[in-house]
Amino acid sequence: MDPETRRPEIIKVTPLQQMIASCTGAILTSLIVTPLDVVKIRLQAQNNPLPKGKCFVYSNGLMDHLCVCEEGGNKLWYKKPGSFQGTLDAFLKIIRNEGIKSLWSGLPPTLVMAVPATVIYFTCYDQLTALLRSKLGENKTCIPIVAGIVARFGAVTVISPLELIRTKMQSKKFSYMELHRFVSKKVSEDGWISLWRGWASTVLRDVPFSAMYWYNYEILKKWLCEKSGLYEPTFMINFTSGALSGSFAAVVTLPFDVVKTQKQTQLWTYESCKISVPLHMSTWVIMKNIVAKNGFSGLFSGLIPRLIKIAPACAIMISTYEFGKAFFQKRNVRRQQY
C-alpha cells in the first residue's frame, strides 16, 4: 500500500470517555424519542383506557418499562387521555393545554434504566471488540456478533433486578426501608433468582437483536465508507447504518418482543392479585397460545409502532455515541502532540 494512502494510526478512546459518549447518547435519544411514545400512549389511552391496577409496557426504543395504572401515580401520559384526532393533533393539544413539559412526562423512568444499561452495553461492546480484534485480526466478521451477544447478555443481567425494583417503586410510594424489606422478603421466599424474573424472555429478544444489529451496522458502515471513499465514517453514515440495522433487527426479533410484553403484564397481574404464577408461563407456551389465538401474524403485531421508535432511537444513539468518541479521539490526539 502506498504510504500516502495508508490508514492513519488510531488513537484509542478510554473506557471513561466511551462511558461519557454512551451516556450522552442515551440522554439525547430519550429526550428526542420520549415525546413520540408519550403521544402514542395518550392516543391509545383514549381508545382503550385501562382500569386502576392494570399495567402496560412503555418503550422508547432504548428501554421497556412496565407502568402500573394507579391513582395518584406519575404516569401523566396515561392519566390524561384527552380527545385527539391524530398524532399531530395530539402534539399540538398537549402543548397548548398542558404545556410542552408534558411531552417528557415519561422521561424520569426512562433515564433511571436507560442510562446505566446503555453505558454498560456500549462500553462493553467497544472493549470486547478491541480485545477480539487484537486476538483474531481486524476483519473477522464474527467479532461484532460475539461482542454484541456478550455485551447485551451482561447489560440485561445487571439491569434485570433494578427493573423489578423500579416497577415496584412505580406502583406505590415506597421508602428505602420498605423497599429493602420488599427485596429481603422476596429473596427469603423465592431465593435470589427471583430478582431475575423475566430475564429469559428479555435475553431471547435482546441478545439476537444485538447480534444482528452490530453485525449489520459494521457491514453497512464499512460498505458506505467504501462507496464514499472514506476511511472514517461521517455522522450521516453512522446515522443511516444505525437506522437500517436497527430496523432489520427489530422486525426479526418482534415475536420475542410480543411474548415479553405479554409475560411482563401477566406476571404483574398474578403478583398484584397474589395468585401463584401458572406453570404454562414459559416463553414458548405463550408463543404457541398467541399463534393459536391470532395466527402467525399475531407474533408480529405492533410492527409499525416498534419500527417508528427503534429506527430513530438506534440511529440517534449510535451516531451520537460515535460522534462523542470521535470528539474524544481528536482531543486525545491534540494532548499527545503537546
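Biologist: In which helix does proline 305 lie?

Modeller: Proline 305 lies in helix H11. Helices (H or I, at least four residues) and strands (E, at least two) are DSSP runs, numbered from the N terminus. This is a predicted model, in which local features need pLDDT of at least 70 and side-chain atom pairs count only at pLDDT 80 or more, while totals for chains, interfaces and linings use all residues. Residues are numbered from 1 along each chain as its sequence is written, and side-chain values use heavy atoms, with hydrogens and water left out.

Biologist: Why does proline 305 count as partly exposed?

Modeller: Buried means under 20% relative accessible area, exposed over 50%, and partly exposed in between (1.4 Å probe, protein chains only). Proline 305 has 33% relative accessibility, so this residue counts as partly exposed. Its C-alpha atom is separated by 9.1 Å from that of aspartate 37, 268 residues apart along the chain.

Biologist: How many helices and strands are there in the protein chain, and what percentage of its residues count as buried?

Modeller: The protein chain has 11 helices and 2 strands. Of its 338 residues, 45% count as buried.

Biologist: What makes the pair of phenylalanine 122 and tyrosine 321 edge-to-face?

Modeller: Rings of Phe, Tyr and Trp (its six-membered ring) pair if their centres lie within 6.5 Å; planes under 30 degrees apart count as stacked, over 60 as edge-to-face and the rest as tilted. Here the centres are 4.9 Å apart and the planes stand at 65 degrees, so the pair is edge-to-face. The pair links distant parts of the chain, with phenylalanine 122 in helix H4 (residues 107–136) and tyrosine 321 in helix H11, 199 residues apart. Phenylalanine 122 and tyrosine 321 are both buried.

Biologist: Which residues do ring pairs link into a cluster?

Modeller: The cluster consists of Tyr121, Phe122, Tyr125, Phe209, Tyr213, Trp214, Tyr217 and Tyr321. The structure holds 12 aromatic pairs.

Biologist: What sits over the ring of tyrosine 121?

Modeller: The charged end of arginine 152 does, 4.5 Å from the ring centre. The term requires NZ of Lys or CZ of Arg to be within 6 Å of the ring centre and within 35 degrees of the ring normal.

Biologist: Phenylalanine 327 and phenylalanine 328 also form an edge-to-face pair, with 5.4 Å from centre to centre and 70 degrees between the planes. Why is phenylalanine 328 called buried, and why is phenylalanine 327 called partly exposed?

Modeller: The relative accessible area of phenylalanine 328 is 12%, and therefore this residue is buried. For phenylalanine 327 the value is 46%, so that residue is partly exposed.

Biologist: How do the axes of helix H8 and helix H11 cross?

Modeller: The axes of helix H8 (residues 235–252) and helix H11 (residues 303–337) come within 7 Å and cross at roughly 145 degrees. Axes are lines fitted to C-alpha atoms, for helices over the stretch in contact, and angles run from 0 to 180 degrees between N-to-C directions. The residues of this contact divide into 14 nonpolar, 6 polar and 2 charged. Ala, Val, Leu, Ile, Met, Phe, Trp, Tyr, Cys and Pro count as nonpolar, Asp, Glu, Lys and Arg as charged, and the others, Gly among them, as polar.

Biologist: How many disulfides does a search of the whole structure find?

Modeller: The search finds 0 disulfides, a disulfide being a pair of cysteine sulfur atoms within 2.5 Å. Cysteine 23, at 24% relative accessibility, counts as partly exposed.
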